[in-house]
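Q: I am new to this structure. Can you take me through a few of its features, one by one?

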Amino acid sequence: VRDEMCPVEVTVDFPVVETDAVTPAPVTEAMPTPFRPETVMQVKSPLTMKTLAGSARSLAGRTDAIRRYGGDVRAEIAVLRALRWIKLRQQPDGSWDAEGEGDPTAFALLAYLSHGEGVTSPEFGQTVKRAIAYLVERHPNNMSVYALAEAANVVRTPVLAEVAAEAVEELCQRQKESVKANSGGLLQRYCAVMALKSAELARLDCPSLERTRTMFESSFAEMRDGKAGDWSRIRGKGTWRYMIAGVCLQYLGRGEDEATHGMLGRLDAVWPPATLGKTPIACCPVRSNYFSTMIFFNAGGALWSKWNKGMLAAYAESQSVLDEGYIDHDGKPQKTGCWRCQDEHIG
């Protein structure tokens, strides 16, 4: 939950790690400072920073958000089971990605961060720490940069902020060319928009951020054919593609636009309650549920209440609960959980 109206003061106080100082040999030309990813989350920050992350992701903040936005204990239990299921499948190098593309690792890390799990989390801290270190060395695409920027928003250390800011700035330069050429997938554009939003909330030093935001606003506006809620110029088929456009406009500050309101009405009319099975209008229901949840939550009101009720029924009640021998940080055995679906891309 992003609560931009309630910033809180957070003093970051990570443990100091003793390291062996090495004096570099003289060089005749500038060279980049060697970077050790294992130190990213262990540098003691002398700063007290305003952050939005703590307001909704602390235990008290989550409890309040659950009450205000229609969550319940079923969902919380299901989420914890899923986080434990994911933890068991992390690779020794910190990834969830055998192919080295970064996306599964980025998605997994975002799941922990959005639950308020940082590097000091008793149960998931080491999982988060290893995932961040992996992405610090490998952030080849927009999804990975989005996860790094969000990590900088939650895990407040100067070193991570610097690494994330550099990654976002590189993303901005890449997007300048891809948007100009109208190339690059719509999903990658969504990841770029979210990276910019996370960088903004984390107050990262990205000189090109505002210019890139403006460029994306124009780009999504050009995809419309003038009819409210209809982005027929978006390449490819699938209702979820139109959802992406609506979500991006919301996060670009255009949530009150006529086209965004048209998208909400269209989704409410054509997209059924959340389902894990294929539908006549979507071969990838999980992806559609993902974007629908964001677009309805950002809109709030009756549309969100209606959608959220269906989401709870579909996901909290259909989770496959497993006994995989998981032991939590207190030494207690816990169940894990996952979902089995008919999604063409996820499975």
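A: Start with handedness. A crossing is left-handed if the near helix is turned anticlockwise from the far one by less than a right angle, and right-handed if clockwise. Keep in mind that this is a predicted model.

Q: Is the crossing of α4 and α5 left-handed or right-handed?
A: The crossing of α4 and α5 is left-handed. Residues 125-137 of α5 and 103-114 of α4 make up the two helices.

Q: How are two packed helices described?
A: By the angle between their axes and the distance between the axes. Here the axes of α4 and α5 come within 10 Å and cross at roughly 140 degrees. The two helices are therefore oblique to each other.

Q: Which residues make the contact between α4 and α5?
A: From α4 come Thr-105, Ala-106, Leu-109, Tyr-112 and Leu-113. From α5 come Thr-127, Val-128, Ala-131, Ile-132, Tyr-134 and Leu-135. By class, this contact has 9 nonpolar, 2 polar and no charged residues.

Q: Which residues does Tyr-290 contact, beyond its neighbours within four places in sequence?
A: Tyr-290 is in contact with Phe-107 and Tyr-190.

Q: How do strands β3 and β4 run, parallel or antiparallel?
A: They run antiparallel, joined by 5 bridges. Tyr-326 stands opposite Gln-334 in β4. The two strands form a hairpin with 5 residues between them. In the turn, Gly-331 has a positive phi of about 80 degrees.

Definitions and conventions. Residues numbered from 1 in each chain as written. Predicted model: local features only at pLDDT ≥ 70, side-chain atom pairs only at ≥ 80, totals over all residues. Heavy atoms only, no water. Axes fitted to C-alpha atoms, helices over the stretch in contact; angles between N-to-C directions. Helix = DSSP H or I, 4+ residues; strand = E, 2+ residues; numbered from the N terminus. Parallel < 35°, antiparallel > 145°, perpendicular 65-115°, else oblique. Contact = heavy atoms within 4.5 Å. Nonpolar A, V, L, I, M, F, W, Y, C, P; charged D, E, K, R; others polar. Pairing = 2+ DSSP bridges.
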